[in-house]
Amino acid sequence: MVIRKTYNTKFNCDWFHCEINNEYYSSPHRENVEAWRDDKLNNADYYKELSELRSKGLASMYKNNHNNWTGD
């Protein structure tokens with residue numbers, strides 16, 4: 001949840017990065033990264049529910065895998 005700053009040589013400016021639960025967001029504007037981070041923290045229950053629904057959906061897809069699809 002720490003916002004890190006790096007220098008982007010391609011665009012010749014500072015970039016700000018943040019990672020929460022293996023989700024990564026970056027922007028040249030610190031305010032955008034702070035807004036993303038605050039949204040993830042303030043709505044943690046909502047994002048947790050979305051993650052659980054996604055996991056259940058994927059489990060159901062692999063359980064009913066009639067075409068032997070492996071995601072490759």
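## The largest pocket

Which element gives the largest share of the lining of the largest pocket? Helix 2 does, with seven residues. Keep in mind as you explore that this is a predicted model.

How do we look for such spaces? Rolling a probe the size of a water molecule over the atoms shows where empty space is left. Here, the largest pocket has a volume of about 280 Å³. Helix 2 spans residues 44-63, and helix 1, spanning 30-42, also supplies at least two residues of the lining. You can find the lining residues yourself: they are Ile20, Asn21, Glu23, Lys40, Leu41, Ala44, Tyr47, Lys48, Leu50, Ser51, Arg54 and Ser55. Sorted by class, this lining holds five nonpolar, three polar and four charged residues.

## Lys40, a lining residue

Let us pick out one of these residues. Lys40 lines the largest pocket and has its place in helix 1. Is Lys40 buried or exposed? Lys40 counts as buried because its relative accessible area is 11%, and buried means under 20%.

Now look around this side chain. Setting aside residues up to four places away in sequence, Lys40 touches Ile20, Glu23 and Tyr47. Ile20, Glu23 and Tyr47 are also among the residues that line the largest pocket.

## Cys18, a buried strand residue

Next, move to strand 2, where Cys18 is found. With a relative accessible area of 1%, Cys18 is buried.

Which residues does Cys18 contact, leaving aside its neighbours within four places in sequence? They are Met1, Val2, Ile3, Glu23, Tyr24, Tyr25, Val33, Trp36 and Arg37. Take Val2 from that list: Val2 and Cys18 are 16 residues apart in sequence, and their C-alpha atoms are 6.1 Å apart in space.

## Two asparagines with positive phi

Finally, visit two loops. Asn12 is in the loop between strand 1 (4-8) and strand 2 (13-20). Its phi is near 55°, a positive value in a residue other than glycine. Asn12 counts as exposed because its relative accessibility is 55%, and exposed means over 50%.

Where is Asn22 found? Asn22 is in the loop between strand 2 and strand 3 (23-27). Asn22 is not a glycine, yet it has a positive phi of about 65°. Asn22 is exposed too, with a relative accessible area of 74%.

Note on methods:
Residues numbered from 1 in each chain as written. Predicted model: local features only at pLDDT ≥ 70, side-chain atom pairs only at ≥ 80, totals over all residues. Heavy atoms only, no water. 1 Å grid on protein atoms, 1.4 Å probe; cavity = no way out; pocket = protein on both sides within 12 Å on 5 of 7 lines; lining within 4 Å. Points joined across faces, edges and corners; volume = space filled by probe spheres on them. Helix = DSSP H or I, 4+ residues; strand = E, 2+ residues; numbered from the N terminus. Nonpolar A, V, L, I, M, F, W, Y, C, P; charged D, E, K, R; others polar. Buried < 20%, exposed > 50% of the residue type's maximum accessible area, 1.4 Å probe, protein only. Contact = heavy atoms within 4.5 Å.
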